[in-house]
Amino acid sequence: MHDVAMISLESQPAPPPKRPPRRGLGRFTLDIRQTISPWKQAGILGGSLAIGLAISVVILDLAGIAPLDLAKELAGVFNANSLRSVLVRAAPLILVGLGAGLAFRIGFWNLGLEGQMVFGGIFATAVSIYNIGPESTRIVVMGIAASAGGILWVLLAYWMKVRFRVNEIISTLLMNYIASYFLLHLLYGAWQDSKTAFPQSSQYRPFERLSDIGSGVNSALLVALAVAAVAAWAVHLSRAGFYMRFISANANMAKVVGVPVRTISLVVIAASGAAAGLAGFVNVTSQEGRLTQSFFDGYVFSGILIAFLSRNDPIVVVIVGFLLAVLFVTGQTLQVFYQIPFTMVQLVEAIIVIAVASSEFLIRHRVRWTR
Amino acid sequence: MQDFLINWLANVPGTAAPYAFAALGLIISERSGVLNLTAEGLMLVGAVAGVGTCLTIGNHPLVALVVAMLAASIVSLLFASLVVILRVNQVIAGLSVVFFCQGLTGLIGTLANWQNHPIAGLNKIAIWPLSDIPVIGRILFVQDPIVYLAIPIFFAVSIFLRGSMLGLKLRAVGENPAAADAAGLSVSLYRIGAIVVGSSLLGLAGGYISVVSVKLWITGMVGGRGWIAVALVVFARWAPWPALAGALLFGCIEGVVPRIAAAGIRAPQYLVLMTPYLATLAVMIWVGARNRGHQGEPGALGQPHVREERR
């Protein structure tokens, strides 16, 4: 043994550097993908969506809805009657999705969609209560007033951001609570329905409601689609759309090369508030027929979800809005027949967003296991 | 008038405690560079877990609060894996977790039938003979044990962040994760640890609301206090003691709301209920107007760290 060691020392001048000892299970390393094929991307996205939906089904199973019953309820959405309520539901959802998406496009976290819906509803109802404008154009005036209400409420937050650097995430969320208490103040006070003594405004007159346009489709949907078309034009075709992309990529650079950053931001954020205000308007004038306590419940996160899944693209917003409306209507059915609280919809929404957000990581990075 | 003041101020520690715990929990996780918007949701988790424990195993409020802390920590692992491991946008992840928790707690509370079942909860203790001192005796020395516990917790966290090696490393991760990584610290581990530990305090805050203050579970009972706590952290510039002062301020504001009606002052009820939110906005404006918006903010707040993306 001794000899061998001596010989090796003499004959091999420098031993090769030792490999570091293997440690346990190894570790992950991340590579940034430069490119990814659309098929792979779709596969990852679809896979995570499927996982998210599977988790939702498991949770609902634990809550007492067997997957088979769930499938039956989901299929039941596609009969004529439920489809109608899906279309009615889709209108405000598309509008809040557009509102969220427009603001997110320039990096403004408008989380005050519910507050803006509330003020949309309040302004529209004020037009009805104080009989503003002739009967023939009343519904139009209500719509304009509702947009104004939404704009007012979102611009307050924007003003606080620009003037005092108040983070809009916090201010818009807090303003939701303020708006809903203001709504309660009106509904338990001056605007309470004198006939029923319930905390809701009195019923709108027929000409103050969005009417059906044949085969049960409500004109609320037309309002939503029209706004989506305008938004799609603005985002994809107009110069403002190009400016918006510029601002979200690099606001300082945009300012330096002469993009009117302030004006564009102001207009886009106002449009976002107007869309949310209109969502409140179509909700009260097509579904409820009066101002109620909770017509805006659950729309903030729905707006975020729609904007997030559609990547702020107004055309995709319409599609996602419809799909979410299916979820909403199913949620209502489950609430009625299985006593599952409606917050279940929020839970499923959150799981979907989490699943899709996680998939983005795998789309952007390649994970490797090295030992 | 004196009665009104004493009743009001005697309530303040109880209304301030949830804000204090929540803000402290947020400070711990945000000092590691993670923008944490989950407060509202994790407080709900703590609240439902606390009441659920009391209704299941009998009235053991201290056990219930520990369960509340554990439950919030466990759910926070979801947030931690989203933002630390999967590098999801921290705003999106935070909001998703809040709404996830709102849905989950609503579902659990209804299915387990914990809604609107009052519990005995935790009662106030009088520290005799100090409690017999006129005026301040009732304000300072007739409180529940958790309020007193807040003081050592604040000392501990403050010393941890400013005076300990671990706290220094945590802050380094939050200020400059690339440098901390180069120095051999595991950014991911520090951030996950900060989120989980901070979230236990969020759970305590929620459990305090349901087990100690309200002694009841109602869906969505946190009612925006989590968002106020997020604002409070900005106000306190990510430092524990100013956060305690801010919590007391909001405790005063929230504590005065029920007192106004009890004192027979006629005021529009729902407008009065707006005050905490309006006050928060006012405070945020004040912070902005002092023109020091970003002072104290951890340098890497909101930015995920991917070693391979080092710039």
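Before we look at any packing, a word on angles: an axis here is a line fitted to C-alpha atoms, for helices over the stretch in contact, and angles run from 0 to 180 degrees between N-to-C directions. This is a predicted model, so to speak of a local feature we need pLDDT of at least 70, and side-chain atom pairs count only at pLDDT 80 or more, while totals for chains, interfaces and linings use all residues. Residues are numbered from 1 along each chain as its sequence is written, with chains lettered from A and ligands numbered from 1 in the order in which they are written.

Okay, chain A. Its secondary structure comes to 14 helices and 2 strands; helices (H or I, at least four residues) and strands (E, at least two) are DSSP runs, numbered from the N terminus. Along the principal axes, the C-alpha atoms of chain A fill a box of roughly 110 × 60 × 35 Å.

Chain A is divided into domain 1 (36-65 + 341-364) and domain 2 (66-70 + 77-339), with bounds that come from an automatic or database domain assignment. The C-alpha centres of domain 1 and domain 2 of chain A lie 25 Å apart. How many residues does each domain put into the contact? Domain 1 of chain A gives 15 and domain 2 of chain A gives 16, where contact means that the C-beta atoms of two residues, placed from the backbone, lie within 7 Å. On the domain 1 side, α2 (38-62) and α14 (343-364) of chain A each supply at least two residues, and the largest share, 8 residues, comes from α14(A). Keep α14(A) in mind.

Now a helix pair inside chain A. Helix α5 (residues 113-129) and helix α6 (residues 138-164) of chain A pack at about 140 degrees, with their axes 7 Å apart. Their crossing is right-handed; we call a crossing left-handed if the near helix is turned anticlockwise from the far one by less than a right angle, and right-handed if clockwise. Among the residues that meet are Phe119(A) and Phe123(A) in α5(A), and Leu152(A) and Trp153(A) in α6(A). By class, the contact of α5(A) with α6(A) has 14 nonpolar, 7 polar and no charged residues. For those classes, Ala, Val, Leu, Ile, Met, Phe, Trp, Tyr, Cys and Pro count as nonpolar, Asp, Glu, Lys and Arg as charged, and the others, Gly among them, as polar.

Over to chain B. There we have 13 helices and 2 strands, and the C-alpha trace of chain B spans about 60 × 45 × 40 Å along its principal axes. With 311 residues, a compact globule would have a radius of gyration near 19 Å, and the 20 Å of chain B agrees with that.

Within chain B, the axes of helix α3 (residues 61-85) and α4(B) come within 10 Å and cross at roughly 160 degrees. That makes α3(B) roughly antiparallel to α4(B), a label for angles over 145 degrees. The crossing of α3(B) and α4(B) is right-handed.

So how do the chains meet? 42 residues of chain B are in contact with 37 residues of chain A. On the chain B side, α4 (90-111), α10 (225-235), α12 (269-273) and α13 (275-289) each supply at least two residues, and α4(B) brings the largest share, 14 residues. That side of chain B has 28 nonpolar, 11 polar and 3 charged residues.

And here's α14(A) again: the axes of α14(A) and α4(B) come within 7 Å and cross at roughly 150 degrees, and this crossing is left-handed. The contact includes Leu347(A) and Ile354(A) of α14(A), with Phe99(B) and Leu107(B) of α4(B). Its residues divide into 13 nonpolar, 6 polar and 1 charged.

Methods
Parallel < 35°, antiparallel > 145°, perpendicular 65-115°, else oblique. Rg over C-alpha atoms; globule rule 2.2 N^0.38 Å.
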